[in-house]
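Please describe the strand pairing, pockets and selected residues of the structure shown here.

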Amino acid sequence: EFDRRGEHAIAAALSSVVLWNLRTGARAKTLGEAQLRAEVTALRRSPDGKAVAAGYSDGSVRIWSLGDGECTVTFHGHKKGVTALAFNRAGNLLASAGKDTDIVVWDVIAEAGQCRLQGHKDAVTDVHFLEDADRPLLISTSKDTLAKLWELETQHCVQTLVGHRSEIWSLAVTGDGARVVTVKSQHHTHAGTFRHSR
């Protein structure tokens, strides 16, 4: 991850989040707490560039202010380590995915869980909000070889893509939100189209 201006790289360093000055190569800031022992396993910068969400090996999620370096909120919703994070475009929702096969959507403003999405059979590897549809959607990929499309209002899976025969590690969505590309390894990709109204 990078900060909003592209001046700093945001990286995990054991139980801390470190901002590195890209021009000088020096450590600009360290975000963490002395008593925190769990390792950072996922990072995602907020859309406004003012915060970074960090997922940890103990299943917790913390949102850190990039301005003052303080932890603004801590969420506990996974039984195992967090594997992926995604903010929606407005930055008021954060999805966290875990090794426990669950996805939790958090309301960042209310500082509370909004819903838990269950249906994958192995660790969830990536999540992405799809916001150009006529209803709020979330896409997830997993080691269970499946990509799933979730309707957030009903909290149900409305479509499953089954084109892979091995673990799916990440995904990307086209700018118009009409197609998704999934990556199952360093050398294999698959493009698919989700059926949804626009």
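The report below covers sheets, hairpins, pockets, cysteines and a few single residues.

## Basis

The structure is a predicted model.

## The four-stranded sheet

Strands S12, S13, S14 and S15 make up an open sheet in the order S12-S13-S14-S15, with antiparallel pairing. At its edges are S12 (124–130) and S15 (156–161), each of which pairs on one side only. From one strand to the next, the twist averages 25°.

Within this sheet, S13 (residues 137–142) and S14 (residues 147–151) run antiparallel and are joined by five bridges. Ile-139 stands opposite Leu-149 of S14. On the S15 side, five bridges join S14 to S15, again in the antiparallel sense. There, the bridge partner of Leu-149 is Gln-159 in S15.

## The three-stranded sheet

A further open sheet consists of three strands in the order S1-S2-S3, and its pairing is antiparallel. S1 (8–13) and S3 (27–31) each have a single partner strand, so one side of each edge strand is left without a neighbour in the sheet. The twist here averages 20° from one strand to the next.

S1 is joined to S2 (residues 16–21) by six bridges, and the two strands run antiparallel. One of the residue pairs is Ala-11 with Val-18, its bridge partner in S2.

The loop between S1 and S2 contains Leu-14. Its phi is near 60°, a positive value in a residue other than glycine. Most residues other than glycine have a negative phi. Leu-14 has a relative accessibility of 63% and therefore counts as exposed, the cut-off being over 50%.

## The S10–S11 hairpin

S10 (residues 102–107) and S11 (residues 112–118) pair over six bridges in the antiparallel sense. Asp-102 stands opposite Gln-118 in S11. The hairpin of S10 and S11 has four residues between the strands.

Glu-111 is found in the loop between these strands, S10 and S11. The phi of Glu-111 is near 55°, which is positive although the residue is not glycine. With a relative accessible area of 47%, Glu-111 is partly exposed.

The largest pocket has a volume of about 380 Å³. Its lining has 22 residues, and those nearest the centre are Phe-87, Arg-89, His-128, Phe-129 and Glu-131. Two or more lining residues come from each of S4 (40–45), S8 (82–87), S12 and S16 (170–173). S12 gives the largest share of this lining, five residues. By class, the lining of the largest pocket comprises nine nonpolar, six polar and seven charged residues.

The second largest pocket holds about 260 Å³ of space. It is lined by Asp-3, Arg-4, Arg-5, Glu-7, His-8, Leu-19, Ala-28, Lys-29, Gly-49, Lys-50, Leu-66 and Gly-67. Three of these lining residues are nonpolar, three are polar and six are charged.

How many disulfides does the structure hold? The number is zero. A disulfide is a covalent bond between the sulfur atoms of two cysteines.

Are Cys-115 and Cys-157 buried or partly exposed? Cys-115 has a relative accessible area of 8% and is therefore buried, the cut-off being under 20%. Cys-157, at 30% relative accessibility, counts as partly exposed.

## Ala-51

Ala-51 belongs to S5 (residues 51–56). Its relative accessibility is 14%, so it counts as buried. Asp-68 lies 17 residues away from Ala-51 along the chain, and the C-alpha atoms of the two residues are separated by 9.8 Å.

How values were computed: Residues are numbered from 1 along each chain as its sequence is written. This is a predicted model: local features need pLDDT of at least 70, side-chain atom pairs count only at pLDDT 80 or more; totals for chains, interfaces and linings use all residues. Side-chain values use heavy atoms; hydrogens and water are left out. Two strands pair if DSSP finds at least two bridges between them. Axes are lines fitted to C-alpha atoms, for helices over the stretch in contact, and angles run from 0 to 180 degrees between N-to-C directions. A disulfide is a pair of cysteine sulfur atoms within 2.5 Å. Buried means under 20% relative accessible area, exposed over 50%, partly exposed in between (1.4 Å probe, protein chains only). On a 1 Å grid over the protein atoms alone, a cavity is a set of points where a 1.4 Å probe fits but cannot get out, and a pocket is an open set with protein on both sides within 12 Å along at least five of seven lines; lining residues have an atom within 4 Å of a point. Grid points are joined across faces, edges and corners, and a volume is the space filled by probe spheres set on the points. Ala, Val, Leu, Ile, Met, Phe, Trp, Tyr, Cys and Pro count as nonpolar, Asp, Glu, Lys and Arg as charged, and the others, Gly among them, as polar.
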